[in-house]
Amino acid sequence: MVDVIKDGTPESQRIYARREMEELEAPLAKLCGQLAEGFREGKYALIIGDDTSGRIPTLVIRGFANHLRKQQGQREIPTIFLDLSKDTDVMGIADQLKKRVPESDSRSGNRALLVTEWMNSGGTMARALQMLSDRKGIAADVVTLGTSPVYDRGFHKQELSYRSAEVFSGDLKMSPSIYQNVAVSGLMGEWKDGTRTIKPIARTFRGYQKWVNESRGDVNLMVQRIVAQVFPTEQTQQAA
């Protein structure tokens, strides 16, 4: 189940610590509704989030998936984060895959779920799908809050289809604030000596812990709200 917020305030009356979260709720609720059947059927064995601005959507989708898995007595779904930014070269992504992505069990038939906040051309996701398949033997579907007209008219849309990747979209028409605002996740990418690393934006541990706590609270609240929207009957039965 979803972690319960313990101050007694109904989730419908609570507010997010970061206002940027508000625009994410509707598209993420739509996405979770689309993914619910796949999660219940065990279609996905791994969630891969696109750091850093894709972290919040990834955590919300993971929370929703784990809510369903716990109902069925299953363990939490493994979730990792990769830096898939357009500035990360092929060898950089390959090194991340080697270190963080487990080998695929070809007998399981399970797929991975690639989560990003926005697809502009779709090239980044196409490259990630190719490398997952070529280097790890893992097939994947893609989740995004929205896509740009460039993607809708472009070559990479056809490429994703060619790779048998289903693309789930929350139908946002403009890139969300988290696409540019790293402060929402509390993390940022930094280039140094030709290597890009993910690091906290806060300069002190106390500051970083504050970001972590606020982000965790916002994600937890959003998962509760989305569960209530996707499964209203479930919430009514629990209230009774």
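Me: How do the axes of H1 and helix H2 (residues 55-71) lie, and at what angle do they cross?

Reply: Let's start with the general idea. Two packed helices are described by the angle between their axes and the distance between the axes. In this predicted model, the axes of H1 and H2 come within 10 Å and cross at roughly 40°. H1 and H2 are therefore oblique to each other. As for handedness, H1 passes H2 in a right-handed crossing.

Me: Which residues of H1 and H2 make the contact?

Reply: On the H1 side you will find Leu 24, Leu 28, Cys 32, Leu 35, Ala 36, Phe 39 and Arg 40. H2 brings Ile 56, Pro 57, Val 60, Ile 61, Phe 64, Ala 65, Leu 68 and Gln 71. Sorted by class, the contact of H1 with H2 has 13 nonpolar residues, one polar and one charged.

Me: Thanks! At what angle do H3 and H4 pack, and how far apart are their axes?

Reply: Helix H3 (residues 90-100) and helix H4 (residues 123-136) pack at an angle of about 50°, and their axes are 11 Å apart. The range from 65 to 115 degrees would count as roughly perpendicular and angles under 35 degrees as roughly parallel; H3 and H4 are therefore oblique to each other. H3 passes H4 in a right-handed crossing.

Me: Which residues of H3 meet which residues of H4?

Reply: From H3 come Val 90, Ile 93, Ala 94, Leu 97 and Lys 98, and they meet Arg 127, Met 131, Leu 132, Arg 135 and Lys 136 of H4. By class, the contact of H3 with H4 holds six nonpolar, no polar and four charged residues.

Me: Now the strands. In what order do the five strands of the open sheet stand?

Reply: Follow the order S2-S1-S3-S4-S5, with parallel pairing. Strand S2 (79-83) and strand S5 (167-172) stand at the edges with a single partner strand each, so one side of each is left without a neighbour in the sheet. Neighbouring strands of this sheet are turned by 20° against each other on average, if direction is ignored. Helix H1 (residues 22-40) packs on the sheet and touches S1, S3, S4 and S5. The direction of H1 makes about 155° with that of S5.

Me: Over how many bridges does S3 pair with S4, and which residue stands opposite Leu 113?

Reply: S3 and strand S4 (residues 140-146) pair in the parallel sense over five bridges. Val 115 stands opposite Val 143 in S4, and the bridge partner of Thr 116 in S4 is Thr 144. Strand S1 (residues 44-51) and S3 also pair in the parallel sense over five bridges, with Ile 47 opposite Leu 113 of S3.

Me: Are the faces of S3 covered or uncovered?

Reply: For S3, both faces are covered. Arg 111, Leu 113 and Val 115 are buried on one side, and Ala 112, Leu 114 and Thr 116 are buried on the other. Strand S3 (residues 111-116) thus has six of its six residues buried.

Me: And for the protein as a whole, how many helices and strands are there?

Reply: Zooming out, there are eight helices and seven strands. Buried residues make up 46% of the 240 residues in the protein. Among contacts between residues at least 6 apart in sequence, 79% join residues at least 24 apart.

Notes:
Residues numbered from 1 in each chain as written. Predicted model: local features only at pLDDT ≥ 70, side-chain atom pairs only at ≥ 80, totals over all residues. Heavy atoms only, no water. Axes fitted to C-alpha atoms, helices over the stretch in contact; angles between N-to-C directions. Helix = DSSP H or I, 4+ residues; strand = E, 2+ residues; numbered from the N terminus. Parallel < 35°, antiparallel > 145°, perpendicular 65-115°, else oblique. Left-handed = near helix turned anticlockwise from the far one by under 90°. Contact = heavy atoms within 4.5 Å. Nonpolar A, V, L, I, M, F, W, Y, C, P; charged D, E, K, R; others polar. Buried < 20%, exposed > 50% of the residue type's maximum accessible area, 1.4 Å probe, protein only. Pairing = 2+ DSSP bridges.
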